[in-house]
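Subject: Structure for your review

Dear colleague,

Please find below the structure that I am handing over to you. My notes on what was found in it follow directly after.

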Amino acid sequence: MIIPAMMADQPPPLEATPLLNEVALLPHIVNGDNSQQVILVQVNPGETFTIRTEDGHIQCIQGPAHVPMVSPNGSVPPIFVPHGYISQVVEENGVRKVVVLPHSTEFHPSVHPPPPHVPHYMHPHPHPALLPHPPHPVYPPVPATGEIPPQYVHQHPPPPHVYTEQVVVTKPRSHGRTHFIHRDERTVKMQEHLRKRLKDKQAGGHNKNSPPPSPHKSHNNFNVDVQNGCGRGHHVTGGPVKQKPINRMRGSPPADAGGVCFSLPDSNTELKHLQDLLSNISKPVVSDIQARSARISWSLLLTSQNGENHSSNIPATLMYEAVISNSGKNGKFKSVYFREEASVTLSDLRPATDYHVKVSAMCNSVKGSASELVNFTTESSEPDIPAPPKLFSRTKNSLSLQWKAPNDNGSKITNYLLEWDEGKLGAFKECYFGHLKQYKLTKLFPFTRYTFKLAAKNDIGMSGFSEAVLFYTSGSVPPAPAPPQLVQAGVTWLSLEWCSPSGISSEESLTYVLEMEEESSGYGFKPKHNGEELSCTLKNLRRSTSYKFRVFACNIEGKSNPSQVVEYSTCPDKPGPPSKPSIKGKIHAHSLKVVWDSPKNNGGSEVTEYILEISETLSGSKWDVVYSDTVREYVCDHLKPGTWYRLRVYCINLGGQSQVSEILSVQTTAVPPGVCQPLRLSGRAKPKELTLRWAPPPVDGGSQVTEYAVEMAESEQGEHRQVYRGPELECTVNNLLPGRAYYFWIKAANKAGYGPVSEKSDISTAPGLPDQSCIPLLTCKAATCVLVNWESPACNGAEITEYRLEWGEVEGCMQALYSGSCLSYEVRGLVPAATYYCRVQAVNVVGAGLFSDVALVTTPVSVPAAVSILQELQEQHLEIPLLSPSSCLAIQWEEPSCHGSEIIGYNIEYGEKQLVSVGRVTSYILENLQAETTYRIRIQAVNDIGVGPFSHSIKAKTKSLPPDPPHLECVVFSHQSLKLKWGEGPSKALITNNTQFNLQMEDKYGRFVCIYSGPCHTYKVQRLNESTAYNFKIQAYSDVGEGALSEVYTFTTTKSPPPPLKAPKIQQLKDNLCEVTWEALQPMKGDPIVYTAQLVSGRDVEQYNQVYKGPETSFRFMTLEMNCEYRCRVCAGRRYQDVSGIQELCGPYSPYAVFSSQKQELVLYSANTTVEATKAKKKSLSDEQFAFLILVGFAVVAISFAVIIQHFVIK
């Protein structure tokens, strides 16, 4: 048994735990100033730990287990050493332990001394067990240290902090029990490694800093073995045991020690290394920070500070735990991750919030120190969804709403968006957008429901919308409803119904309060029903009692005035049965007098009738009614002599029929026989036949009856006719009418003849189906109402219970419209000028009869129906655009039903009840309206009958006036183009009010054609003819429409100058004479061409002198200087005449020609050389070829630029 000493705030639980040689000992020390000290006794497998409780009972604890023992005074627990064993203190790696070893072979485990008493150790229960003291000295504190050995706690899984002091008491396993330990491969290898290191240290004799062993003396004649908590004494027959002095070092146990030490002190060092490795974790790195998520990653550093690589020591099962806090580095941290991966994406974070994160590693319940804290801040985001707006005031035409700001998530809320459905239960539209937290809506309809939802916006974006909320504008209380009507009355209940007040729309929600007053109660009217229903059944009322009723209509504004008071009564109940009938006076042969008393309970109503029934048999269900009146006595006559009769009576009042009374049995006086009993119906009656049966007469007169004769009459006074004659006691009468009453008599015959006939038998045939109904009579009361009347057909014995009316617009497809007992029905809600078909069917208890012939009716014509769809037409839906959207509105509607008279036109009401009549069209353009004005428009249809009702109103607004045309001017004149300018803005600059312009020019046919449309303020008209006048107009337009055209502007192009000439040709004729020639130009539109030649000598090109001007294409220059260089150029001029006289328009000068004046021979040679060089140049490259090459070059450059832009810019 191993007893590690420890101190803790609370003892560990009493449960099975692993052995010390299975897992490493990781003791946990608590502050040594605690008032209690806990000793953890470890019970090995196969052993039993015995303790004594407070009441003296012995409790045995089977191993493996840890038993906590509490020392309340905080003293060091003594370790009891069994007799024959010695204790030795060993210290290795800063861990002290006590090893119990066998000392002498004289130890006899069979002798049991009395258990020692240890009073100051307690079990952790409320009343701890007491352990006895030993009778001999025990192991004292170590004298060399002078301090109390620290206490330790062994717990599994081990805590993250390892301490370096431990006291362990070990003893050998007794009785050679097998020590079964389940270990994994890693634990076995660690234990083998630790045992090897312990053996090497013991062989090396590590005895430094070890205190000397404590002496141990024993003078008792008993060997005490403290095992399982109880001491066992062994009596020794010889003298005292001699013990050798112990002079060994604490680090060197004796070689003959039979004990085994299961304490593994080096495991603490390994676990400390593992803890240091787990604590060597890098600072977490935060990346991908979003508004509500962030990614955290870390790593375990494999190299320690001294350069050692621990990659081979990393266990396979390594877990990481990440904790996070949003209340600062000293706040409360919450675990958000516990997995094997070294990264995690944190979600569900709050935007714009500071977080602190740290990570720790854990392996096999060993947890390293946490990493360095890292903080990060999440990004801002759009606000949270706000709460729905609240109503704080309302009127009939306004609603005032307010709301609270939601969480802005790091970015201040700038605006709120409030949307509503405009009370149409349709799509939501914006009604407010701003920074205020309240808004008032006006111009609303009274008592109308409006739906709202709210969203918040900040610089990040718009939040989601809140839940939709409903509010109503104020209204008025409803008018008083009509008084309630009685639907049906019962004995204890009344069923009432009422109608909605007049003038209330179907969309308005009303509740109704029904109040009732019982006059005898004296409490006045009390509410009995409150709800939206239009009917109510009141139960648990008193029978035959009158009640008063009134009804209120309620809405959210209040309660209406009460309706008129009506009074209804419950029905009376059935009366109780009368008393048993009794005989008054003497019983005669053919008559007797019966009397009875009234019932004790009349059911709340006077008895109106007594019914006396008689039966001629003592056992049977055949009863005949012989009396019906209010008198409580009756003389029963026409009885058979010597016959037993049964009599019973019941009564009837307004509540119904009572139960029958007790039966009175009585027998008439006997007389000579002869009269047969009345006929009886055999089986069930059929519609056209009756099966009758009878019995022989009770007195046969001394002769056997041989035959019977049955007579029948259709009435009591009708003629009797014989329907049967024969010996049988049953007959069937055929060819009868259904539901009719017939009277039958029978008489018996013997040899002497027929006796008197029997009493008549009133028997009815079974009822049949009703006859076919007559064709109903249809009467038109109005264009939408028809009154249907019909007659009741023959019922054939069963009362007609209901009539069924079928109605439809097609003869072969009619549906049930009415079912009831009335003979008329008013059909409402019909369409005027329509044909309807109907038929009627009668129904009784047998079934439904045949339908009547079909009747048809055509309702009269009426005014047209109201226009159901009226809407404004937008410009994009018009085939022809509006001439002036600022003064016109286009509306469209659907043609309603004409109700039999063709619609001839419509009346359109708009503005201040202005009325305009149009023909039979479905669209119209309202003209001459005011710009930017809202109009309320409604329409009604008209036919020959009259004017139909107005449709619903719509609101439409005209647009503002279009812009005026700007001033047009020409800023640049040319012979082929005119640059025009208008407005005040700069050239090619867009204006801010979306105003654009249409520029029109007159063509050769006198029509103005649009040549430009856009927002710019300048335009250059090109490809014009020279000296030609052109007419222009300009127009401005915007979203509201096109403005008016400006006045006509006329601008004239200038005359075109002559084209440039080629360089002149110079030929030297003599030493001081040269001839200059150039190409000739054709006259331009009749204007003559003059040429101007300029000549300059030397290199001074700025000092050109005019040497010729005229219409010729050559001239001769005679004043040449020898050996001088000359340059010559020519230009063409155009002469024309205008109002100011003859004008000249000069073209550009030609390129200059260079020549030098020389002697004639040199000139000739030079001229030839020049001509040959010129020919060579012409042969090499002409002007057209050079222009073509330039064009090809430009095309190649343009294509290259296009490819580069397509590849790098667009893609």
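Of the 1211 residues of the protein chain, 40% count as buried, where buried means under 20% relative accessible area, exposed over 50%, and partly exposed in between (1.4 Å probe, protein chains only). The model is a predicted one, in which local features need pLDDT of at least 70 and side-chain atom pairs count only at pLDDT 80 or more, while totals for chains, interfaces and linings use all residues. Residues are numbered from 1 along each chain as its sequence is written, and side-chain values use heavy atoms, with hydrogens and water left out.

The protein chain has four helices and 79 strands; helices (H or I, at least four residues) and strands (E, at least two) are DSSP runs, numbered from the N terminus. Among contacts (heavy atoms within 4.5 Å) between residues at least 6 apart in sequence, 66% join residues at least 24 apart. The accessible surface of the protein chain comes to about 67,700 Å², of which 51% belongs to carbon and sulfur atoms; these areas come from the Shrake-Rupley method with a 1.4 Å probe, and for residues only the protein chains shown count as cover.

The largest nonpolar core has 25 residues, and those that touch the most other members are L278, I296, W298, L318, Y320, L349 and F376. Such a core is a set of buried Ala, Val, Leu, Ile, Met, Phe, Trp, Tyr and Cys residues joined through side-chain atoms within 4.5 Å. At least two residues of this core come from each of helix 2 (266–279), strand 12 (294–297), strand 13 (319–325), strand 15 (343–346), strand 16 (354–363) and strand 18 (374–377). Strand 16 gives the most, with five residues. Beyond its neighbours within four places in sequence, L278 is in contact with L300, L318, A361, M362, C363, V366, G368 and S369.

Two histidines deserve a note on backbone geometry. H638, in the loop between strand 38 (633–636) and strand 39 (644–653), has a positive phi near 55° without being a glycine. H899, which is likewise not a glycine, has a positive phi of about 60° and sits in the loop between strand 58 (889–893) and strand 59 (903–910). Are these residues buried or exposed? H638 counts as exposed, at 56% relative accessibility, whereas H899 is buried, with a relative accessible area of 15%.

Two further loop positions may be of interest. S951 lies in the loop between strand 62 (934–943) and strand 63 and counts as buried, at 7% relative accessibility. Leaving aside neighbours within four places in sequence, S951 is in contact with V867, L870, R938 and I939.

P1151 belongs to the loop between strand 78 (1141–1146) and strand 79 (1153–1157). P1151 is exposed, with a relative accessible area of 51%. Not counting residues up to four places away in sequence, P1151 touches L1061, K1062, A1063, P1064, C1128 and R1129. P1151 and P1064 are 87 residues apart in sequence, yet their C-alpha atoms are 8.0 Å apart in space.

Yours sincerely
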